[in-house]
Amino acid sequence: MDEINAILYERKPPTPTAEKLADFRKGHEAVLEALDQLDEADLQRAYDLTDPTDKRSLLAGIIGNTYGHDLEHLGWIRERNQK
């Protein structure tokens, strides 16, 4: 995954920090709006309905693809931003 992220990072021209922050905030707002439509039952249902072996809940999937994912890459992000 780190190799793929590195390739994607190299393909995209540098983006001003203000633009990155605006994109982040826009995405964050979209996630909050989507979450606002869910109730507790939605959050407890299966994350991947096509894979019966995947026992994660939707909530676990959301965490893994939002702040959990950010934390996973935090060191890499910091390293790239110091260059």
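Let's start with a pair of side chains. The side chain of Asp 54 makes a polar contact with the side chain of Arg 56, at 2.7 Å. Keep in mind that this is a predicted model.

Where does Asp 54 sit? Look at the loop between α3, residues 40–44, and α4, residues 58–64. Is Asp 54 buried or exposed? Its relative accessibility is 14%. Buried means under 20%, so Asp 54 counts as buried. What else does Asp 54 touch? Leave aside its neighbours within four places in sequence, and Asp 54 is in contact with Tyr 47 and Asp 48.

Now to the start of the chain. Met 1 is in the segment before α1, and α1 covers residues 2–11. Is Met 1 buried or exposed? Its relative accessible area is 64%. The cut-off for exposed is over 50%, so Met 1 is exposed. Met 1 also belongs to a patch. Together with Ile 4 and Leu 8, Met 1 forms a nonpolar patch on the surface. The accessible area of these three together is about 330 Å².

Next, helix α1 itself. Asn 5 has its place there. Which residues does Asn 5 touch, not counting those up to four places away in sequence? They are His 73 and Trp 76.

One more distance, again from Asn 5. Take Asn 65, which lies 60 residues from Asn 5 along the chain. The C-alpha atoms of Asn 5 and Asn 65 are separated by 15 Å.

To recap, then. Asp 54 is buried, and its side chain has a polar contact with that of Arg 56. Asn 5, in helix α1, touches His 73 and Trp 76.

Terms used: Residues are numbered from 1 along each chain as its sequence is written. This is a predicted model: local features need pLDDT of at least 70, side-chain atom pairs count only at pLDDT 80 or more; totals for chains, interfaces and linings use all residues. Side-chain values use heavy atoms; hydrogens and water are left out. Patches are made of residues with over 30% relative accessible area and no salt bridge: like charges are joined within 9 Å, nonpolar side chains (Val, Leu, Ile, Met, Phe, Trp, Tyr) within 5 Å. Accessible areas come from the Shrake-Rupley method with a 1.4 Å probe; for residues, only the protein chains shown count as cover. A salt bridge is a side-chain nitrogen of Lys or Arg within 4 Å of a carboxyl oxygen of Asp or Glu. Helices (H or I, at least four residues) and strands (E, at least two) are DSSP runs, numbered from the N terminus. Buried means under 20% relative accessible area, exposed over 50%, partly exposed in between (1.4 Å probe, protein chains only). A polar contact is a pair of N or O atoms within 3.5 Å; within protein, one must be able to donate a hydrogen and the other to accept it, and residues adjacent in sequence count only if both atoms are side-chain atoms. Contact means heavy atoms within 4.5 Å.
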